[in-house]
Amino acid sequence: PVCSMGNSTSRLYSALAKTLSSGAVSQHQDCLEQPDSARLDPIDPKDLLEECQIVLQKRPPRFRRNFVSVKKTAASNHRPIRVMQWNILAQALGEGKDNFVQCPMEALKWEERKCLILEEILAYKPDILCLQEVDHYFDTFEPLLSRLGYQCTFFPKPWSPCLDVEQNNGPDGCALFFIKDRFELVNSANIRLTAMKLKTNQVAIAQTLKCNETGRLFCIAVTHLKARTGWERFRSAQGCDLLQNLKSITQGAKIPLIICGDFNAEPTEEVYREFSNSSLNLNSAYKLLSPDGQSEPPYTTWKIRPSGECRHTLDYIWYSQHALNVNSALGLLTEEQIGPNRLPSFNYPSDHLSLVCDFSFNQDPDRLL
């Protein structure tokens, strides 16, 4: 039953409810053109959050997570840039392929799960949002986030596994969103990653943005590398290809860089070492939460499948450490918060945790690498 709501919110609820229909998009799986949402009225994020909370009123409240200050340098004179990285779990995969044996199917209903995802985004208010496994881009994320002031870009996988699931909503892929009032798009590249000279099913988006407040350029990239054990060399080759593309786009690190991704790789893998040792002078932001600043978090995904419990660190936010400072990072959920049935759950919509960092530009932009 739909809750009764006052007139002030009924129009917005109607807009939110329209995005629940999944059939309209599946006939347009090959369409990469973005719908024109500019004509639609802006949405007040507080109103949308309220609508999400009405839909979610029978679920447990959202977990509390706190930002941890990690910056040790002098205060910046501009607002930080908040970047959010999240594999949100493709709806078709969650319901049809992933076999989360401890997660009730009821917890995966799109009508409610999408509100949990939106609630998380609205809670942290990222200036830049990088998502993987997005299979409801055209009917949910693009229409709503564009009305919240984001410029939206989507690049689907060429052979998305979502398409193997009955009643799917089209292919999943990477999506990149940035607040139009804060940044100007200078350049955008959709990259289909190669490995051993072969085109692969994995993709990336890289956009060069100009920060309106400071006039500084920087590049933001989002990617999702090949999954599964046994594909380590393949992931390594994909990482090398992405780094080569980003070297070209950033003119060899002259333009600062932030890379968000589900790398499907633990810190022990070769692809992680390639990013750590790259000539682009990258550091992994979440290492700064560790006591020595050298260790990744113990997990960014935690799930139970028929084969057993999977607890891994796979998700990262890399950044140009010579040009950018990490001011703070969002702490991860504790084991107690996650609970014995792990993720996803009635409390949390994905099997991956969101990562959120606040960045500022180094005050000495000409400092050598």
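Biologist: Which residues point one way from β2 and which the other way, and are they buried or exposed?

Modeller: This is a predicted model, in which local features need pLDDT of at least 70, side-chain atom pairs count only at pLDDT 80 or more, and totals for chains, interfaces and linings use all residues. Residues are numbered from 1 along each chain as its sequence is written, and side-chain values use heavy atoms, with hydrogens and water left out. In a regular strand the side chains alternate between the two faces of the sheet. In β2, Arg82, Met84 and Trp86 point one way and Ile81, Val83, Gln85 and Asn87 the other, and all are buried (under 20% relative accessible area, 1.4 Å probe, protein chains only).

Biologist: Which strand pairs with β2 in the antiparallel sense, and over how many bridges?

Modeller: Strands here are DSSP runs of E with at least two residues, numbered from the N terminus, and two strands pair if DSSP finds at least two bridges between them. Val83 stands opposite Cys357 in β15. The antiparallel partner is β15 (residues 355-361), over five bridges.

Biologist: Which residue in β3 stands opposite Asn87?

Modeller: β2 and β3 (residues 128-134) run parallel and are joined by five bridges. Opposite Asn87 stands Gln132.

Biologist: How far from a polar atom of the side chain of Tyr137 does the backbone oxygen of Cys152 lie?

Modeller: Tyr137 is found in helix α6 (residues 137-147) and is buried, with a relative accessible area of 2%. From a polar atom of its side chain to the backbone oxygen of Cys152 the distance is 3.4 Å.

Conventions. Buried means under 20% relative accessible area, exposed over 50%, partly exposed in between (1.4 Å probe, protein chains only). Helices (H or I, at least four residues) and strands (E, at least two) are DSSP runs, numbered from the N terminus. A polar contact is a pair of N or O atoms within 3.5 Å; within protein, one must be able to donate a hydrogen and the other to accept it, and residues adjacent in sequence count only if both atoms are side-chain atoms.
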